[in-house]
Amino acid sequence: MKRIIIFDTTLRDGEQAPGASLSEQEKLEVAHQLVKLGVDVIEAGFPISSPGDFDSVKKIAKDVKGAVICGLARSLAKDIEAAGAALKPAKHKRIHVFLATSKIHMKYKLKKAESEILKIAQSAVKYAGKFTDDIQFSPEDASRTEPEFLFKVIETVIKAGATTVNIPDTVGYAQPDEFGGLIKAIHERVPNINKAVIAVHCHNDLGLAVANSLAAVKNGAGQVECTVNGIGERAGNAALEEIVLSLLTRKDSFKEAFTNIKTREIYKTSRLVSKLTGFVVAPNKAIVGGNAFRHESGIHQDGVLKKRQTYEIISPEIVGFYGEGLVLGKHSGRHALSERLKQLGFSLNQEQLEQAFIRFKELADKKKEVFEEDLMSIVEEQMKGLPQVWSLSGLEFCGGISVIPKAVVSLKKKNEIFKATSDGDGPVDACYKAIERIIKIKARLLDYNIQAVTKGKDALGEVNIKLNINKEEVSGRSASTDIIEASVKAYLNAVNKFLFKKRKFRQVQL
Ligand code: KIV
Ligand code: ZN
C-alpha cells in the first residue's frame with residue numbers, strides 16, 4: 001500500500017484564478033480548514049508576488065500547525081529569499097522553485113538555451129537549500145518539454161538537493177496515457193529518481209486534470225497537487241475531492257494507494273472555499289455539486305430505495321454531505337442547536353453560539369423548517385471574521401410592473417447612520433445605487449448569482465456577487481429569506497473585503 005501525498009495549492013494556484021483573491025484572514029481560515037481536512041502540504045502563496053501574499057504566507061507559517069507550509073519562488077535569488085523569510089516561522093517548511101523547460105517557454109519567454117536553464121535550476125535549488133531541506137522543483141510546462149532534456153533537468157535538480165520533483169502539465173495539454181507514460185519513463189530513465197518524490201500538477205484545459213493525475217499515480221507518482229473545487233488558472237487545477245474519492249472508491253484500481261484526507265471534511269471545505277472566493281460550485285460538479293447525490297428519475301429513486309448502491313457509488317455522508325434532512329424547528333433550544341452544529345463540524349464558543357441562536361430563531365420565525373444547509377449558511381456568514389466597516393441598518397424598497405423601482409438604504413459606519421434613496425432598473429439595482437451614494441466607492445457589478453439554499457418557497461436565498469472596484473475583482477456573499485436583503489448584504493460584504501485588502505494590494509505576474 002502506498003500513501004499518496006496531497007499537496008494543496010488552493011491558496012496559490014487556486015487563488016490565481018481571476019476574481020478569486022482572498023484576504024489574509026480568509027487565507028488563514030482556509031489553511032486551518034485544510035489542516036482539518038488532512039492535507040499534507042499547503043502551498044500558502046507566492047511570497048515575492050505582493051506584500052499581501054508575503055504577509056499571508058508568513059501568518060500561515062506562524063499560526064497553522066499540522067501540515068508542511070510551502071511557498072512558491074521563481075528560480076531567482078530574490079524570490080527564494082522572500083519565500084525563505086515568509087516561511088521562517090513554520091515548523092515544517094518547503095520552498096517550491098520553478099523554471100520553464102519546454103522549447104517554447106525557453107525560446108520566447110525566457111530566451112535561454114538548455115545549458116543555461118540547467119545551470120539556473122541547479123543553483124536555484126542549491127540556494128533554496130540555505131533555507132530548508134525540503135525543496136520542490138518544478139520544470140514548468142514539463143509535459144511539453146523534450147523528454148531527454150526533462151530527464152536531465154530532473155537528475156540535475158535532485159543532485160542539487162531537490163527532494164520532490166513536480167511534473168506540471170502547465171497548459172492542460174497532456175492525455176492520460178501519455179502523461180502516465182511520462183511518469184513511468186522518469187522512473188526508468190532518471191538514475192537518481194529514488195532520492196526524490198515524483199509529484200504531478202495538472203491543469204484542466206481539456207477537462208483531463210484529474211484523469212492525468214490518476215494516470216500518474218498508476219505509474220508511480222507519490223504526490224498529487226490539487227485544489228479544492230478544482231479552482232485555479234484558466235480552467236483550473238485537478239480537484240482534490242475528485243482525486244481523493246477516486247483513490248478511495250476504486251482502491252482496487254490503484255493498488256490500494258491511499259491518502260490521509262479526512263473525507264468527512266470535504267463538503268465543508270468545498271463550501272468554505274466557494275463562499276470565500278465567490279466561485280459557485282456547479283450543481284453537477286462531481287462529489288461536491290448540489291446534485292451529486294440527488295436521484296431524480298423514478299427508476300433511479302426506486303432502485304436507491306431498494307438498495308442504495310444500485311445508483312450510488314459513494315455515500316454522501318463519506319464526504320460530509322447530509323442532504324436536506326429536517327433538523328430543527330422554531331421551538332428547538334440552544335442545546336439542540338449546539339449539538340447539531342457540532343455534528344456539522346462547527347465548534348463555537350459561547351458568544352458565537354448565542355449569535356447563531358439569535359439568527360436561527362429569526363430564521364425559524366420566517367421559515368417553518370430549518371435544514372442543515374440553512375444552519376451551515378447562518379454559521380458561515382457569522383464567522384466571516386471580516387471587519388464590518390459598513391453594515392446594513394435599514395432597507396425599504398418598492399417596485400412592480402409599470403412602477404419605477406425605488407430603494408431607501410440606511411448603512412451604519414462606526415456609530416453613525418447614513419441614508420440614501422435611489423431608483424433603478426430593478427429593486428437590486430436601486431439598492432446598489434443607493435449604497436454607492438452613501439459609501440462613495442464606484443463599483444461595477446461583474447457577476448450576480450442567486451440560488452436557493454434548500455427547497456421550498458421559504459428557502460434561504462444565497463447571493464454571490466463579483467464587483468470590480470478600482471480594477472480589482474472582489475466577491476461578496478450573503479444569505480437571507482429576503483433576496484433583496486441578501487443582495488444588499490452581499491454587496492456590503494464585497495465592499496468590506498475591498499476596504500480590508502486595499503492597503504496590501506500589489507501584484508507581480510507569474
Ligand atoms: O502550472 C504550473 O506549471 C505551475 C507551476 C508554478 C508549478 O503552477
Ligand atoms: Zn499551475
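**Around the ligands**

Modeller: Let us begin with D13, which is a buried residue with a relative accessible area of 2%. Please keep in mind throughout that this is a predicted model.

Colleague: OK, and which residues coordinate the zinc ion (ligand 2)?

Modeller: The zinc ion (ligand 2) is coordinated by D13 through OD, and by H201 and H203, each through NE2, at 2.0 to 2.1 Å. If you follow the chain, these donors have the spacing D-x187-H-x1-H. D13 sits in helix α1 and H201 in strand β7 (residues 197–202), so this pair, 188 residues apart, links distant parts of the chain.

Colleague: And H201, is that buried or exposed?

Modeller: H201 counts as buried because its relative accessible area is 5%, which is under the 20% cut-off for that word.

Colleague: Next topic, then. Which residues are around ligand 1?

Modeller: The residues around ligand 1 are R12, D13, H96, F98, S138, E140, N166, P168, T170, H201 and H203. Sorted by class, the shell around ligand 1 has two nonpolar, six polar and three charged residues.

Colleague: How far is an oxygen atom of ligand 1 from the polar side-chain atoms there, say those of R12, T170 and H201?

Modeller: For T170, a side-chain N or O atom is 2.6 Å from an oxygen atom of ligand 1. For R12, the distance from a polar side-chain atom to an oxygen atom of ligand 1 is 2.9 Å, and for H201, the distance from a side-chain N or O atom to an oxygen atom of that ligand is 3.1 Å.

Colleague: Which elements give two or more residues to the shell around ligand 1?

Modeller: Those elements are helix α1 (10–14) and the strands β4 (93–100), β5 (135–140) and β6 (164–169).

**Salt bridges**

Colleague: Changing topic: how many salt bridges does the structure hold?

Modeller: The structure holds 27 salt bridges, and I would take a few of them as examples. One of them joins R144 and D141, with the closest N and O atoms 3.0 Å apart. Here R144 is partly exposed at 30% relative accessible area, whereas D141 is buried at 0%.

Colleague: What about K306, which residue does its side chain meet in a salt bridge?

Modeller: The side chain of K306 meets that of D302, at 2.8 Å from N to O. Both residues lie in helix α12 (residues 298–306), four residues apart, and that is about one turn of the helix. K306 counts as exposed because its relative accessibility is 65%, and D302 is partly exposed with a relative accessible area of 36%.

Colleague: And where is E312 found?

Modeller: E312 is found in the loop between α12 and β9 (326–328), and this residue forms a salt bridge with R308, in which the closest N and O atoms are 3.0 Å apart. E312 is buried, with a relative accessible area of 9%, while R308 counts as partly exposed at 36% relative accessibility. Elsewhere, salt bridges that share partners join R12, D13 and E43 into one network.

**Positive phi values**

Colleague: Last topic, the backbone: what is phi of N229?

Modeller: Phi of N229 is near 65 degrees, a positive value in a residue other than glycine. That deserves a look because most residues other than glycine have a negative phi. N229 is found in the loop between β8 (223–226) and α10, and it counts as buried at 13% relative accessibility.

Colleague: And I287, where is its place?

Modeller: The place of I287 is in the loop between α11 and α12. Its phi is near 70 degrees, again positive in a residue that is not glycine, and I287 is buried, with a relative accessible area of 10%.

Notes: Residues are numbered from 1 along each chain as its sequence is written. Chains are lettered from A and ligands numbered from 1 in the order in which they are written. This is a predicted model: local features need pLDDT of at least 70, side-chain atom pairs count only at pLDDT 80 or more; totals for chains, interfaces and linings use all residues. Side-chain values use heavy atoms; hydrogens and water are left out. A residue is near a molecule or strand if one of its heavy atoms lies within 4 Å of it. A polar contact is a pair of N or O atoms within 3.5 Å; within protein, one must be able to donate a hydrogen and the other to accept it, and residues adjacent in sequence count only if both atoms are side-chain atoms. Ala, Val, Leu, Ile, Met, Phe, Trp, Tyr, Cys and Pro count as nonpolar, Asp, Glu, Lys and Arg as charged, and the others, Gly among them, as polar. Donors are N, O and S atoms within 2.8 Å of the metal (3.2 Å for Na, K and Ca); water is not among the atoms, so sites may look incomplete. Buried means under 20% relative accessible area, exposed over 50%, partly exposed in between (1.4 Å probe, protein chains only). A salt bridge is a side-chain nitrogen of Lys or Arg within 4 Å of a carboxyl oxygen of Asp or Glu.
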